[in-house]
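Q: I would like to go through this structure with you, starting with the chain contact. Could you take my questions one at a time?

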Amino acid sequence: MKEEQALREALAPRPAPPSLFPHVMGPVRRAQEARKRLLALAPRLSVEASDRGLTRVALGRPGQAPPPASGPAARWVTRARRELREYLEGRRTFFAVPWDPAVLGEFQGRVLGITARIPFGEVRSYGWIAKAVGDPGAARAVGTALATNPVPLVIPCHRVVKSDGMLGGYSFPGVRKEWLLTLEGSVSRLVGCLSTRILCRRGCPHELRVRDANRIAFASIAEARAQGYRPCGVCKPA
Amino acid sequence: MAAARRGEVEAFGALVGRFQDRLFTVTLRLTRNRATAEDVTQQAFLRAWERRQSYDGRWRVSTWLYRIVTNLCVDEHRRRRAHPAALDPGTPPRVGRARQPHEALEEREVRDRLNGALARLPAAQRAVLVLRYLDDLSYGEIGRICGLPVNTVKSHLLRGKAALRPMLAVVWREDG
């Protein structure tokens, strides 16, 4: 039919601009590189804890850290190890293990308390944190407080960047802020289960049990609701 | 796709190479602006990479990619409607000077006119027409991509074609 033919010709594929391919594959390669490096990092983390929670996360062989002093401390260490591994593998978007506030000073405690509430995949500026702790002029002091964060990753100091869009420093040796932000940028926060139609935050105990074949990622709660998913009652994605 | 899903960058690269022209053409038709189309296509591929785990093996890879790209075009359209200041003029539909039907139209001009007519169609009809004639997709597949029942796909196609018919008629006559 002529009509069909004319339409087909008019709508024939046009060549994509040559810049498209590198613009897609560049970020993909960087994300993959970041992922590989972070996966290698997981077994090299050393974790310490007190009865109340984590006191230190650092790079080193696990054997280097002093053994936990008590039963509860040992449990926090085991749990933190598991959560850190899941986070670095891109299977977790939040930490449920607590940290011990006693190891932080007063100002640092406030700064890190605010920092801990920055959601996965988002960033804030040093100035924003300073304002949030009630001292708008203290952006530099905020930088210092973050640089001495005893529990990096668990308290996400990598989500604080400079207000001009540059990443700013990161004092966790062997790890680049860029890798963590790339990882978080490429992991969807919400996962639905095709069989139960329940929506979880990534890292929820229910979400971790969902089989690969039943997994579906969502960009927003609204998108999931529109497809008939309900939020999980345990991790409460809202 | 299976290899790309396991995180093999090269396999994904091959996928991008295979589909980039088609996805770019869809975004070009839907956004009517080259720069925006390039941005949206890039975003679509990156989203596909991020969500490769959520690819449902029952669908064809092309269906999945088209769905991502058409959804992004809808988002883009909404965003621009919400911020009219950011609206770019796009390619103005060409209003060719009045010609007698017997005047020969150059092929390019016919195509431009058709595209102009296409650009004036409602977005849903345009999307359905583009998907149907770009890649010969079935009604069912188009429905899955656009989230529409098959009958709605058919009626969009019919209406879209009816709207383009005056322009197509010129093409037939020229073909004699």
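Q: How much area do chain A and chain B bury between them?
A: Chain A and chain B bury about 3,500 Å² between them, with 61% of it on carbon and sulfur atoms. Buried area here is the accessible area (1.4 Å probe) that two parts lose on being put together, summed over both. A:E3, A:L11 and A:R14 supply 20% of the area that chain A buries against chain B, more than any other three residues.

Q: Before we go on, what kind of model is this, and how are things numbered?
A: This is a predicted model, in which local features need pLDDT of at least 70 and side-chain atom pairs count only at pLDDT 80 or more, while totals for chains, interfaces and linings use all residues. Residues are numbered from 1 along each chain as its sequence is written, chains are lettered from A and ligands numbered from 1 in the order in which they are written, and side-chain values use heavy atoms, with hydrogens and water left out.

Q: How many residues does each chain give to the contact?
A: Chain A gives 35 residues and chain B gives 45 residues, where contact means heavy atoms within 4.5 Å.

Q: Which elements of chain A touch chain B?
A: Those giving two or more residues to that side of chain A are α1 (2-10), α2 (20-41) and β7 (215-218). The largest share, 10 residues, comes from α2(A). Helices (H or I, at least four residues) and strands (E, at least two) are DSSP runs, numbered from the N terminus.

Q: And how many salt bridges join the two chains?
A: There are 2 salt bridges between chain A and chain B, each being a side-chain nitrogen of Lys or Arg within 4 Å of a carboxyl oxygen of Asp or Glu. B:E10 forms a salt bridge with A:R29, with the closest N and O atoms 3.5 Å apart.

Q: How many over all chains, then?
A: The whole structure has 15 salt bridges over all chains. A:R52 pairs with A:D100, the closest N and O atoms being 3.0 Å apart. A:R52 lies in the loop between β1 (45-49) and β2 (54-59) of chain A and A:D100 in the loop between α3 (71-88) and α4 (106-115), so the pair ties together parts that are 48 residues apart in sequence.

Q: A:D100, buried or exposed?
A: A:D100 is buried, at a relative accessible area of 3%, whereas A:R52 counts as exposed at 54%. Buried means under 20% relative accessible area, exposed over 50%, and partly exposed in between (1.4 Å probe, protein chains only).

Q: Switching to chain B, what is its fold made of?
A: Chain B has 8 helices and 0 strands. Of its 176 residues, 48% count as buried.

Q: Where in chain B are B:D135 and B:R22?
A: B:D135 forms a salt bridge with B:R22, the closest N and O atoms being 2.9 Å apart. B:D135 is in helix α6 (residues 123-135) and B:R22 in helix α2 (residues 9-31) of chain B, 113 residues apart.
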